[in-house]
Amino acid sequence: MILVLLIAVLSLSSPYFLTTRNISNILAQTAVISVVAMGQQLVILTRGIDLSVGSNLALASVLGALAFHAGASASLVIAVMIASGAAVGAINGGFYVFGRLPHPFIITLATLSIAKGVALQLADGRAIPGMPPAISALGTDALGGLPGSVFVVLAVAAVFFVVTRTMVWGRWIYAVGGRPDAALRMGIPVSWVLVSTYVVSGTCAGIGAVILAGRTDAGSPLFGNLLELDTIAAVIIGGASFLGGRGHLGNALIGALMIGVIRNALNLLNVNIFFQLIVIGVVIVIAVECDVLRNYLEGRVRVMQAGKHS
């Protein structure tokens, strides 16, 4: 409802907002955030957080560019980027769970720095131009008026929908996020569920690297700056809860689209780019406060209902 209202207001504010070209630009610009936010969504569902997605994406793009210059085919370059993202995710999940760290913030903050440093070292601090034509086409070509990257988002979303809605693993994620102790008593492999969500989050960062490398025809250690904040904002703005166990696929996608719409509108209205950061930050605060208020009101309702039954 908020997204629809936002689109209605902005369409009245600028005659260029609802043009086909502008809508296509919004979808292309939010594709990376959408894909990576879906992985971040699973992590947040388990009461976690992944701060490394931006650096993970940058490292994956650099490794993909290096693989291309070493003579790798398009399919192998894609495999390298996705495998790189998944590997960083496995490190995050493994250290958090089996290293018995108190919170994933610690290890994902560490890998944020490590992955960025490795990417800068491998690329000598510069972008590495060149990607296979198939990857460049994925990032720049359009099909039926829609950017090719949109179909990647839809494909990933379809996989997420099937996995989270029809497979036991998906129900386990909600159980672990809702009541970790109860999930453990029920025999759910909590440790492996947690690790798997970070692997998926890293994999999504690798897919995001493929999209961004295709758009820019390069791999760069500077990719993904503040992507972790964008993806967390997308999930929370979309309505998921930091308390875990609440949220669905639409949260991440709607939240990512809202961020894209807000930024696009501010650009059309010639708002200073620095002020855009302030706007996104304010929206995040409002979304988190709404989540806190929602949980408070639900708690009050449960107390009142319990009082009536007693």
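Me: What percentage of the 310 residues in the protein chain is buried?
Reply: Good place to start! This is a predicted model, where local features need pLDDT of at least 70, side-chain atom pairs count only at pLDDT 80 or more, and totals for chains, interfaces and linings use all residues. Residues are numbered from 1 along each chain as its sequence is written, and side-chain values use heavy atoms, leaving out hydrogens and water. With buried meaning under 20% relative accessible area (1.4 Å probe, protein chains only), the buried share of the protein chain is 48%.

Me: How many helices and strands does the protein chain have?
Reply: Helices (H or I, at least four residues) and strands (E, at least two) are DSSP runs, numbered from the N terminus. By that rule, the protein chain has 13 helices and four strands.

Me: Why is helix H11 described as largely enclosed by the rest of the structure?
Reply: Helix H11 covers residues 227-237. Its buried residues include Leu227, Asp230 and Ile237.

Me: Which residue just after H11 takes a positive phi?
Reply: Look just past the end of H11 for a phi of about 115°. The residue with this positive phi is Gly239.

Me: What share of the contacts with a separation of 6 or more joins residues 24 or more positions apart?
Reply: Contact means heavy atoms within 4.5 Å. Among contacts in the protein chain with a separation of 6 or more, the share from residues 24 or more positions apart is 78%.

Conventions: Buried < 20%, exposed > 50% of the residue type's maximum accessible area, 1.4 Å probe, protein only.
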